[in-house]
Amino acid sequence: MTIHYERQGDIAVLKADNPPVNALGQAVRQGLVDGVARANEDGAKAIVIYGEGRTWFAGADIREFGKTPLEPYLPDVCNIVEASAIPVIAAMHGTALGGGLEVALGCHYRVAVPTAKMGLPEVHLGLIPGAGATQRLPRLIGHAAAIDMMTSGRPIGADKALTLGILDKIETGDPLEIGLAYAQELIAQNAQVRPVSALPVPEAIDFDAARDAVRKKSRGQISPVVAVDAVEAATRMDFSEGLAEERRLFMELMKTDQRQGMIHAFFGERQVSKLPELQGVAPRDVAEIGVIGGGTMGAGIATAALLSGLRVVLIEMTDEAAEAAKGRIAGNLSGALKRGKIDQAKHDHILNDALTCATDYVALSNADLIIEAVFENMDVKKEVFGKLDTVAKAGAILASNTSYLNLDEIAASTSRPADVIGLHFFSPAHVMKLLEVVVGKETAPDVVATGFALGKRLGKISVRSGVCDGFIGNRILNTYRSCADHLILDGASPYQIDKVMEGFGFAMGPFAVSDLAGLDIGWANRKRLAPTRDARERVPTYADKLCEDGHFGQKTGRGYYVYDGRAKSPNPDVMPLIQAERAELGLTDKGYSDEEILRRYMAAMVNEAAKILGEGIARRPLDVDMVLLFGYGFPRYNGGPLKWADLQGLPALLEDIKSFAQEDAYFWQPAPLLEQLVAEGRNFEDLNKEAAA
Ligand code: T1G
């Protein structure tokens, strides 16, 4: 039973009890319909609806999407609640989201506890509200505020909801209590039903302007723009026609690839840190961590740990460097203070008590986990781990923030390889959500469990990776960056490629990203790999020439682009360098279209991802997808490269790769796993399902 019915005097109480978040699955919907009918039949004077557990209804049951819809449909449930002959009161706590807020809008009166949040996050699932919010909410709070809630998907607090007119009251207490009190009050006032749908539709706004503004921000995502269309319908149709129009638009979106991509991302980010092999494995206690190196990465890692309440001991080579590191952390913290993430007291406590900056490794003797974030060089890493091995206490975990290097080799430079793990943060480490947890061949299970527990504590999306050059993310990055370089040698320009990938939904194309990260990083990596590079690999030299001229991108004001304040424009030196190299190599322009560029770029990404899966570096396709979503700006509405590949169809992708291999058999070796899946008529989603079984 998910909806419990009981009478409290004149009041009928409907208690939702569908843990963990009272999702509005079929049984809950049916329970609401039956409960409202029963209350009206047995002479109640009012109905109070509330949620048991941590929250009011947090929306429709997302697991039902894509399946045959079952009656009663949620729009009908909201209409039935609204049509009750006796007042219905929503008593809310936790997160009233999506269909949950729509049920509340179907009620006649709304009260909530001060900490309640409410929102319409459907756009984050590639959808729009589909149970009346696009028609009811504008009537209650106006078109502009309604559009903002639907297109941002951001929840609002109870105070703002009261100000806007969504809530009638805010009361402290448990939801049943405040609901009953409000119902008593309304009965005493002989308050009548008050259907929101009967409210007049406010004056129309400039919907074209609203649509353009939303389209600009959405970078190719469809649903936010459709949300504006649905709200506009309220000004052209009566309520029931508007509801039908909302449903039509909602069902259109339900069929889109974007909806599939975004729901894959929703469940993926919750699934990715759950490893079957860690069930029952207790993490080690961590109260104090050490950080070696106070540069941008080290300071970011220290900030993330401090913000999560951990004590931090940061080690630098000199007192000046330690002071500079403390300055960087203070800078990060003042940003958190400005954004209201912490208050002044916490800020001061962190800087004065929780953080220690030192130069002597002995200061690390009490640390439970130590993260090395020094220069990306194997000899330097081994020297640091050798020293750590002598000072760290027994049972301390030794972690490396290396972004490419062989963790097993680093671990072998200590007497305790089982306590060594890779914790690969992304810059800025106190902001970026992704954490690659790199598991070496000797790493102990409870050390892995501790890595994931730390990731959860820091609010990260933690993804397990095995050991290979660049782990999951950077190895795939290297491959699609190489593909981009090949496209340039064969005629494309960095600016065309950036435009194509920004059209695909990336905030920045690969060359703009390189300028942001610093061209010297790619340069150092090319130099590192040069001694072992296969002669058949095509590696252009124009990028090295840019670096030799001191152009490292944004940090030097010049890279692929020239930066003038916030403005950027193509660097006029780049194309002559590229044309000179093409002429030197006798290459002809293949005149790639935008579509061809996208096909090749994505084929390279998917093929390398399939190799990583085939080698077991990544355990599940969703692991790869979450790495690209949370660490490499892959557009969420495309779900990740492997979800995107499934939606495109693997046979066509494999055909593409085989045809590209005619030109360059070395770069385009089809991944055996991809060939196997196509041969067996399976896809990456099948592998995710098998891993979850
Ligand atoms: N449906 C099904 N399962 C859900 C769910 C939902 N709506 N929300 C959460 N879960 C599962 C989740 O997968 C996880 O499962 C567990 O609950 C705890 O979640 C018609 C179309 C509510 C803020 O988009 O934002 O209504 O991993 O780990 O961090 O217009 O969950 O334990 O197996 O996230 O405390 C709109 C989605 C739906 C809200 C809680 N609603 N949920 O966060 O816990 S569309 C949403 C959230 C809709 C109508 C439309 C968050 C949360 P497991 P959690 P949390």
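**Reading the features of a predicted model**

Tutor: Valine 513 is partly exposed, with a relative accessibility of 36%. The classes are buried (under 20% relative accessible area), exposed (over 50%) and partly exposed (in between), with a 1.4 Å probe and protein chains only. This is a predicted model, where local features need pLDDT of at least 70 and side-chain atom pairs count only at pLDDT 80 or more, while totals for chains, interfaces and linings use all residues. Residues are numbered from 1 along each chain as its sequence is written, and side-chain values use heavy atoms, with hydrogens and water left out.

Student: Where is valine 513 placed?

Tutor: Valine 513 sits in helix H20, residues 510–517. Element names follow DSSP runs, numbered from the N terminus: helices (H or I) have at least four residues, strands (E) at least two.

Student: Now the ligand. How many residues surround the ligand, and which are the closest?

Tutor: A residue counts as near if one of its heavy atoms lies within 4 Å. The ligand is surrounded by 27 residues, the closest being Arg54, Glu102, Glu122, Arg270 and Lys274. By class, the shell holds 15 nonpolar, seven charged and five polar residues. Ala, Val, Leu, Ile, Met, Phe, Trp, Tyr, Cys and Pro are nonpolar; Asp, Glu, Lys and Arg are charged; the others, Gly among them, are polar.

Student: What lies 2.5 Å from an oxygen atom of the ligand?

Tutor: A polar side-chain atom of lysine 274 does. Polar contacts are pairs of N or O atoms within 3.5 Å; within protein, one must be able to donate a hydrogen and the other to accept it, and sequence neighbours count only if both atoms are side-chain atoms. The backbone contributes too. A backbone N or O atom of alanine 60 is 2.8 Å from a ligand oxygen, and a polar backbone atom of glycine 130 is 2.9 Å from one.

Student: How much of the ligand does the protein bury?

Tutor: Alone, the ligand exposes 1,000 Å², and the protein buries 74% of that. Strand E5 (95–97), helix H3 (99–106) and helix H11 (257–271) each give two or more residues to the shell. The largest share, three residues, is from H11.

Student: How many salt bridges does a search of the whole structure find?

Tutor: The search finds 45. The test is a side-chain nitrogen of Lys or Arg within 4 Å of a carboxyl oxygen of Asp or Glu. Take lysine 169 and glutamate 185, which pair at 3.4 Å, N to O. Lysine 169 is in strand E9 (residues 169–170) and glutamate 185 in helix H7 (residues 175–188), so this bridge ties together parts 16 residues apart in sequence. Glutamate 185 is partly exposed, at 33%.

Student: What parts does the bridge of aspartate 490 and lysine 590 tie together?

Tutor: These two side chains meet at 3.8 Å, N to O. Aspartate 490 lies in the loop between helix H18 (473–489) and helix H19 (494–503), lysine 590 in the loop between helix H23 (574–585) and helix H24 (594–614), so the linked parts are 100 residues apart in sequence. Aspartate 490 is buried, at 5%. Lysine 590 is partly exposed, at 41%.

Student: Which residues are linked in a network of salt bridges?

Tutor: The network links Glu596, Arg599, Arg600, Asp656 and Glu663. As another pair, glutamate 690 bridges to arginine 682, with the closest N and O atoms 2.8 Å apart. Glutamate 690 is partly exposed at 44%, and so is arginine 682 at 23%.

Student: Backbone next. Where is the peptide bond cis?

Tutor: Most residues other than glycine have a negative phi, and most peptide bonds are trans. Glutamate 71 and proline 72 are joined by a cis bond, omega about -5°. Proline 72 is in the loop between strand E3 (46–51) and helix H2 (74–82). Serine 427 to proline 428 is also cis, omega near -5°. That proline lies in the loop between strand E15 (420–425) and strand E16 (434–438).

Student: Which residues have a positive phi without being glycine?

Tutor: Asparagine 190 is one, at about 55°. Asparagine 190 is in the loop between H7 and helix H8 (207–218), and is exposed at 56%. Arginine 219 has a phi of about 45°. Arginine 219 is in the loop between H8 and helix H9 (223–236), and is partly exposed at 42%.

Note on methods:
Accessible areas come from the Shrake-Rupley method with a 1.4 Å probe; for residues, only the protein chains shown count as cover.
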